[in-house]
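The exercises below are meant to be worked through with the sequence and the model side by side.

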Amino acid sequence: MSRTAGTLRRYVLQRLALVVPMVFILLTFVFLLVRVAPGDPVSAALGGRLPPEALAQRRAAAGYDRPLIVQYLEYLGNVLRGDLGRTISDNRAVSDVLVENGGATLTLAGAALVVALLAGIPLGLYSGRHRDSFGDVGVRLFGIVSYAAPVFFTGLILQLVFAVWLDLFPTSGQASPITQVRVDEITHILLLDALLAGNVDAVLDVVHHLVLPAITLGLLCVGVFLRLVRVNLIQSLQGDYVEAARARGIPERYVVRRHAFRNALVPVVTVMGLQTALLLSGAILTEATFNWPGLGSELVDYLNNRDYVAVQGIITVFAVVVVVVSLLIDIVNALIDPRVRY
Amino acid sequence: MTDEAVLRVRDLRVWYGTERGPVRAVDGVDLALVPGETLGVVGESGCGKSTLGRGLLGLLPEGAKAGGEVRFRGTDLFELSGRALRELRGPELGMIFQDPLTRLNPLWRVSEHFEELLRTHCPDISAEQIRHRSLATLRRMGIPPTRYRNYPHEFSGGMRQRIMIALGLVLNPAVLVADEPTTSLDVLVEAQIIRLLADLRRNFDTALLLITHNLGIVAEACDRVAVMYAGHVVETGDAREVFAAPAHPYTRELLRSTISLSTTGLHYIPGAPPDLVDPPPACRFHPRCPDAMQVCATRDPVTVSPRPGHRVACWLHGPAEQVGAGGDAPLVREEIDVADEA
């Protein structure tokens, strides 16, 4: 046991050490990406709206007249200190934007992941277990269609059917205005705040608003999970250790459940990590479709205003989130699968 | 034959459905196994050895069908319910496989494999008894108790095969089928495994069906041998007698193809094993047989017994009156050219 714990600890430390270069590379990419656009952020955001002298003054104040390498080092230093700068268009601290809107995105992405797993894994298991059956074909078709459909399209269809025609769910927003006024902001995650306040009506209201956006974004990932689980299960079911278990007289339902399912689900954890990026990009479109007050909506607004400081800040955070999630996933993987630790 | 046989196979046929038609992997096999004896099954790759071995446990791959009968202590396995058959696997019928590296569930400790097996077949067993019985069996196989809670990937191939054997033996089955148990192991480990299997039949009266393409193993470890060609058993008998005086031309050619230190130049049997979807008519071996006669290409050979306990299906030994006039004239056929062989 101690040996196992020792290798696990070593693995986690090694994996942590890898985070440093990964973050560094990502930050460099974000910086370059934003600067590839012609001109500097200030001229891009305010050009034509201010006289040239004022523009030059703003540019100097923001430090954009200095050499690129100096700006780059400064950007790195600022990010490490947690300072992401102030937005140009509405002069907010980017970190405030993150705190105020991040919660909504987190809620949406988390709920979408739950939807994707709750739908994708059982459907995939069913499909793999009953390969080439009528149900399997239907499930696979559903997987492809849901994955291929653009998020805003899925969102609009769901809004039309469930909000407009059936009037079951609200079309947009994170909660009704009353809820937003009544719940105190503690964590800036509305669902959590409502729970903390013990306000059942508010929680239900938030969940009610969450259903359609979460399904929209979740459907984006369902197809991936579903097909992955299906293929893995089919492979596991033909696996050598599965046949060996059958030869030992293990009842078929346990062979399927304990040997095939568990092994088929290991890669799902890995893919869950990779899906974070897809979830975040999908969140941007989902939020725009459902008028969801998250980072995605803010990002779209700032992009429209050509506010590159804000855009750079938000992308930086998205990138770091992806790195951190992949770190967590690797650790979880090591806990599940003993072979990973070596 | 006596009726003390623990396992008696009559006219066993196993075929796989393919697009071209059924593949008759096992085609009318008769066998008997008495307690404590080791029967070697030899033949080229693809002659149906492994399918036969699985068929003895009623363990058929997806899409396979079986006919004939496999009687274990008088009960036909194919007439048993799925549940009754499953309950025989493990306590009465055991199987070990060719590639030990992939036969253990990679996510499970060795101990968990034993716990699952013993709990399945002995529902009232205590945790202490499980541990005791598993460790005792493992010790017999030379696996120290300290490794009981290790994962499969922490063992070498030879150790994993010994663990598989221990899993096969912990319930003391009456019949053990070993499907090329040493093929993927090096020669030293091979000798070790063969010795373990030889001990086992001496000490526990287990009937062992040893499937192999290694004639040396048969000579060393088997009491009797069955030679398979294209889904048929062409010759059975006492291993020493068959090897000393092979009655079937295929057995003779197979023995001549064995490599030893005195080998000068490799001998091989021209041609390839026949297509089992559309096998040659009459004797399956006649296109490759150096002794083929006219009758071999027109009529199925009759199984005869040149010596007590020795059976062979070949017209060379066939009842002369059935060969018919001119039937014993050498078969004229086109030379097998290199292109056909490829």
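Helices (H or I, at least four residues) and strands (E, at least two) are DSSP runs, numbered from the N terminus. The model is predicted, so that local features need pLDDT of at least 70 and side-chain atom pairs count only at pLDDT 80 or more, whereas totals for chains, interfaces and linings use all residues. Residues are numbered from 1 along each chain as its sequence is written, chains are lettered from A and ligands numbered from 1 in the order in which they are written, and side-chain values use heavy atoms, with hydrogens and water left out.

**Exercise 1.** Locate Leu276(B) and determine which residues it is in contact with, leaving aside its neighbours within four places in sequence.

*Solution.* Begin with the position: Leu276(B) lies in the loop between helix H9 (249-256) and strand S11 (303-307) of chain B. Next, consider its accessibility: Leu276(B) has a relative accessible area of 11% and is therefore buried (buried means under 20%, exposed over 50%, partly exposed in between, with a 1.4 Å probe and protein chains only). Then list the contacts, a contact being heavy atoms within 4.5 Å: the partners of Leu276(B) are Pro22(B), Val23(B), Arg24(B), Ala25(B), Gly46(B) and Ala230(B).

**Exercise 2.** Work out the strand order of the open sheet of four strands in chain B.

*Solution.* Two strands pair if DSSP finds at least two bridges between them. On this rule the order is S2-S1-S4-S5, with antiparallel pairing. Strand S2 (21-33) and strand S5 (75-76) of chain B are the edge strands, each pairing on one side only. Turning to one pair, strand S1 (residues 7-18) of chain B runs antiparallel to S2(B) and is joined to it by ten bridges; Thr18(B), for instance, stands opposite Gly21(B) in S2(B).

**Exercise 3.** Describe the interface of chain A and chain B by its residues, its buried area and its salt bridges.

*Solution.* Start with the residues in contact, which number 26 in chain A and 30 in chain B. The two chains bury about 2,400 Å² between them, 54% of it on carbon and sulfur atoms, where buried area is the accessible area (1.4 Å probe) that two parts lose on being put together, summed over both. Within chain A, the residues that lose the most area to chain B are Glu243(A), Ala247(A) and Arg248(A), which together account for 25% of what that side buries. Now apply the salt-bridge rule, which asks for a side-chain nitrogen of Lys or Arg within 4 Å of a carboxyl oxygen of Asp or Glu: four salt bridges are found across the interface. One of the salt bridges in the model links Asp240(A) with Arg103(B), whose closest N and O atoms are 3.6 Å apart. As for the elements involved, helix H11 (240-247) and helix H12 (252-290) of chain A each supply at least two residues of the side that touches chain B.

**Exercise 4.** How many helices and strands does the secondary structure of chain A come to, and what share of its residues is buried?

*Solution.* The count gives 14 helices and zero strands. Of the 342 residues in chain A, 46% are buried. Among the contacts in chain A with a separation of 6 or more, 73% join residues 24 or more positions apart. The C-alpha atoms of chain A fill a box of roughly 85 × 55 × 40 Å, taken along the principal axes.
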